Amino acid sequence: MHSSKFCLDIASDTPSSNRLIDVIASHCVPVIISDDIEFPYEDVIDYSQFCISVRTSNVVREKFLLNLIRSIKNDEWARMWKRLKEVENFSEFPISIKGR
C-alpha cells in the first residue's frame, strides 16, 4: 500500500474499520467506495480535497473505476497527496457509516 498512488477503501458494516486510517497513514490517496459514509471532523476537513468518493452503483459499471483513476492527472494527484499529508495527524479517529 505504501508504494501505491491510490488505495481502495470499501465501506464495511462496522464503523470501527480502520481502512481509511491505514490508507491515510500509507500516504495513499483514498478511493472510497460507499454511498453513505460519515467522516470524522467533516465539519473542519474537506475530504474531497484528498479523497475520491465513488458510489457503489458506479463501481459495477464496466471499467468505470479504472477510467476514473486513469483520468486523474499527475498534478491533481500531487495536490491531493499534499493535502493528505497535511491532514494525516487527524488520522486517529473513528469512521462511521450513516445509519449503522
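Analyst: A note on terms comes before the questions: helices, of H or I type and at least four residues long, and strands, of at least two, are DSSP runs numbered from the N terminus. The model is predicted.

User: What is the mean pLDDT of the protein, and which element has the lowest mean pLDDT?

Analyst: The mean pLDDT of the protein is 82, with 80% of its residues at 70 or more. Helix H3 (residues 64–70) has the highest mean among the elements, 95. The lowest mean, 44, belongs to strand S5 (residues 96–97). Over residues 93–100 the pLDDT is below 50, although this stretch has 24 contacts in the model beyond near neighbours in sequence. The values asked for are a mean of 82 and, for the lowest element, strand S5.

User: In what order do the strands of the open sheet stand, and why is one side of S1 and of S4 left without a neighbour?

Analyst: The open sheet is formed by 3 strands with parallel pairing, in the order S1-S2-S4. Strand S1 (6–10) and strand S4 (52–54) stand at the edges and have a single partner strand each, so one side of each has no neighbour in the sheet. On average, neighbouring strands of this sheet are turned by 20° against each other, direction ignored. The order is S1-S2-S4.

User: Which helix packs on the sheet, touching S1, S2 and S4?

Analyst: S1 pairs with strand S2 (residues 29–33) in the parallel sense, over 5 bridges. The helix that touches S1, S2 and S4 has a direction that makes about 95° with that of S2. This is helix H4 (residues 74–87).

User: Is Asp9 buried or exposed, and which residue is its bridge partner in S2?

Analyst: Asp9 is in strand S1. Buried means under 20% relative accessible area, and Asp9 has 6%, so Asp9 is buried. Leaving out residues up to four places away in sequence, Asp9 touches Arg19, Leu20, Val31, Ile32 and Ile33. Asp9 is buried, and its bridge partner in S2 is Ile32.

User: How many residues does the largest nonpolar core have?

Analyst: Among the residues of this core are Leu20, Ile24, Ile32, Tyr47, Phe50 and Leu84. Helix H1 (19–25) and H4 each supply at least two of its residues. A second, separate core has 9 residues, including Val29, Val31, Ile33 and Trp77. The largest core has 11 residues.

User: Which residues is Leu84 in contact with, leaving aside its neighbours within four places in sequence?

Analyst: Leu84 belongs to the largest nonpolar core. Two of its contacts, Ile24 and Phe50, are also in that core. The contacts are Ile24, His27, Cys28, Val29, Pro30 and Phe50.

User: Is the aromatic pair of Tyr47 and Phe50 stacked or tilted?

Analyst: A pair of aromatic rings is described by the distance of the centres and the angle of the planes. For Tyr47 and Phe50 these are 5.3 Å centre to centre and 40° between the planes. Tyr47 is buried at 6% relative accessibility, and Phe50 is buried at 1%. The pair is tilted.

User: Where do Trp77 and Trp81 both lie, and what is the angle between the planes of their pair?

Analyst: Trp77 and Trp81 are 4 residues apart, about one turn of the helix, and both lie in helix H4. Trp77 counts as buried at 17% relative accessibility, whereas Trp81 is partly exposed at 30%. Their pair is stacked, with 6.0 Å centre to centre. The place is helix H4, and the angle is 25°.

Technical notes: Residues numbered from 1 in each chain as written. Predicted model: local features only at pLDDT ≥ 70, side-chain atom pairs only at ≥ 80, totals over all residues. Heavy atoms only, no water. Pairing = 2+ DSSP bridges. Axes fitted to C-alpha atoms, helices over the stretch in contact; angles between N-to-C directions. Contact = heavy atoms within 4.5 Å. pLDDT = per-residue confidence, 0-100. Core = buried A, V, L, I, M, F, W, Y, C linked by side-chain atoms within 4.5 Å. Buried < 20%, exposed > 50% of the residue type's maximum accessible area, 1.4 Å probe, protein only. Phe/Tyr/Trp six-rings, centres within 6.5 Å; stacked < 30°, edge-to-face > 60°.
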